[in-house]
Amino acid sequence: MYEQQRLTECEYILRDSGAKLLLVGSREAYDKTRHFLTRPSRNPAFAQGDALSVINMQESKTVSSLKDIWTFDVDVPARMARVTGVMAAEADACFASAVVRPDDVAVLIYTSGTTGTPKGVELTHRNLCTNIEGMWEVVRPEDMPNALSLAFLPWAHSIGMNCELFNMMSRGARVALAQDMTTIASDIKEVRPNILFAVPTLYKKVYDRIQDKITSQGKWSRWLVDKAVAVAERRLEILREGKRMSLGLQAQYEVLDHIVLSKLRDTLGGRVRISPVGGSKMSLPVTRFFEAALGIAILEGYGLSETSPLLSISRPDIQIRRLGSVGQAVKGAELAVVRDGLRVPEGEEGEIWASGPMVFKGYLKKKEETAAAFGEMDGKKWFRTGDLGTLEQGFLTVSKEMGEGTSERRGKDKDLSASSRKTEIRTHPEVQAFMRENIVLACKDKMKR
């Protein structure tokens with residue numbers, strides 16, 4: 001779950017999943033969630049049968065399955081002593097052996113539809129491992145033997161969890177953790193990663209910041225930067241076509257790279273070579289700028305939480321990377337563009353369907369939603385993504401999303417409705433306490449008068 005997630009959603013997720021232990025990252029999060037653990041007692045100011053007392057019990061936020069809440073910011077020594085004591089005394093009970101099968105559920109990722117009701121996406125060990133194998137084929141470990149990333153994407157999301165965390169761990173690579181979203185600019189200069197898992201929003205912000213800085217420079221400096229970027233773009237096109245650069249262009253590039261482009265690269269630490277990007281469509285001018293001027297291979301990918309998440313991704317090889325597309329299918333994935341249950345001719349638009357061992361098992365406790373997420377074609381089951389796109393020569397391009405029904409089926413994160421927010425505020429424990437002490441008591445006092 002996200003730390004910024006609404007308490008009503010947190011409670012629903014904990015109840016739906018049957019969670020027994022909640023781990024939170026700060027004292028603030030602990031204070032917000034500890035009422036999930038202990039049912040508030042009846043207010044002694046009222047009689048046993050008082051209506052408000054009953055209401056309090058009905059609106060209690062207790063999660064019956066939850067046994068404890070841990071945070072490393074609160075009572076760390078005592079909690080660790082208790083845990084290590086239990087481990088020493090009852091090691092067999094704590095770590096009972098279990099047979100884990102490939103199709104057993106490994107993680108639950110909750111996504112919200114347009115209704116605001118979270119759905120638990122059941123991802124199996126096979127789902128996750130298949131996706132990691134696909135990423136190994138795209139960026140081979142031997143091609144980046146000293147891979148180092150800076151993690152700022154949330155690990156509650158499938159991109160941060162599987163594409164970065166599990167993928168990098170499987171390679172024996174290093175992952176540095178950004179302090180928070182406000183420190184990314186300084187963290188990236190300190191860590192100097194050579195691979196960056198990102199979203200288009202990050203690159204747009206960096207691009208805008210660079211452009212603002214260029215605009216504020218004098219006429220000569222602006223001309224020099226424009227010249228450097230133009231030469232870098234020309235060099236990139238030649239490399240894309242598989243041709244050789246002239247000595248004159250190569251000399252220009254080396255000089256301008258030393259004077260200008262290396263300074264631009266320092267914005268992202270100076271060492272980023274490859275950057276898998278997903279979550280939304282990236283602007284072509286922004287992609288071209290970072291590919292040419294900063295020398296970063298932008299690997300746009302496409303997928304959903306239900307597909308672990310990767311279905312397709314661009315390749316590092318410049319000659320087989322097509323700007324504007326989200327690349328080719330990863331290992332094990334089969335993609336189809338479908339209209340009315342049939343494949344459309346190549347290049348025509350339709351709904352993107354996917355099949356393969358990375359497709360999820362189902363939505364937890366939601367048989368109808370699970371059934372609606374799949375379709376039949378060619379004698380097998382396909383996951384219906386709810387997105388429109390085209391396939392040309394194996395390259396997938398996502399054009400737009402379909403209507404509300406399919407957006408909800410996809411599980412795209414949506415804000416809850418205004419009425420849901422009002423309910424969340426009204427039922428918050430602190431609000432309830434305030435109402436009990438300041439409103440209800442005042443009313444009872446007036447009635448006595």
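## A buried ring and its partner

F289 is buried, at a relative accessible area of 5%. Keep in mind that this is a predicted model. Searching the whole structure turns up 8 aromatic pairs, and F289 is in one of them with Y207: the ring centres are 5.3 Å apart and the planes sit at 80 degrees, so this pair is edge-to-face.

## Two tryptophans on helix 10

W220 and W223 make a stacked pair, with 5.3 Å from centre to centre and 20 degrees between the planes. They are 3 residues apart in helix 10, which means about one helical turn separates them. W220 is exposed at 58% relative accessibility, while W223 is partly exposed at 47%.

## Charges over rings

Two spots put a charged side chain over an aromatic face. K119 lies over the face of Y363, 5.5 Å from the ring centre. R322 has its charged end over the ring of F395, at 4.2 Å from the centre.

## The second largest pocket

The second largest pocket has a volume of about 340 Å³. Helix 10 (219-240) and helix 12 (284-292) are the elements giving two or more residues to its lining, and helix 10 gives the most, with 3.

In total, 19 residues line this pocket, with R273, G295, A297, P316 and R321 nearest its centre. The lining splits into 12 nonpolar, 1 polar and 6 charged residues.

Key: Residues are numbered from 1 along each chain as its sequence is written. This is a predicted model: local features need pLDDT of at least 70, side-chain atom pairs count only at pLDDT 80 or more; totals for chains, interfaces and linings use all residues. Side-chain values use heavy atoms; hydrogens and water are left out. On a 1 Å grid over the protein atoms alone, a cavity is a set of points where a 1.4 Å probe fits but cannot get out, and a pocket is an open set with protein on both sides within 12 Å along at least five of seven lines; lining residues have an atom within 4 Å of a point. Grid points are joined across faces, edges and corners, and a volume is the space filled by probe spheres set on the points. Helices (H or I, at least four residues) and strands (E, at least two) are DSSP runs, numbered from the N terminus. Ala, Val, Leu, Ile, Met, Phe, Trp, Tyr, Cys and Pro count as nonpolar, Asp, Glu, Lys and Arg as charged, and the others, Gly among them, as polar. Rings of Phe, Tyr and Trp (its six-membered ring) pair if their centres lie within 6.5 Å; planes under 30 degrees apart count as stacked, over 60 as edge-to-face and the rest as tilted. Buried means under 20% relative accessible area, exposed over 50%, partly exposed in between (1.4 Å probe, protein chains only). A charge sits over a ring if NZ of Lys or CZ of Arg is within 6 Å of the ring centre and within 35 degrees of the ring normal.
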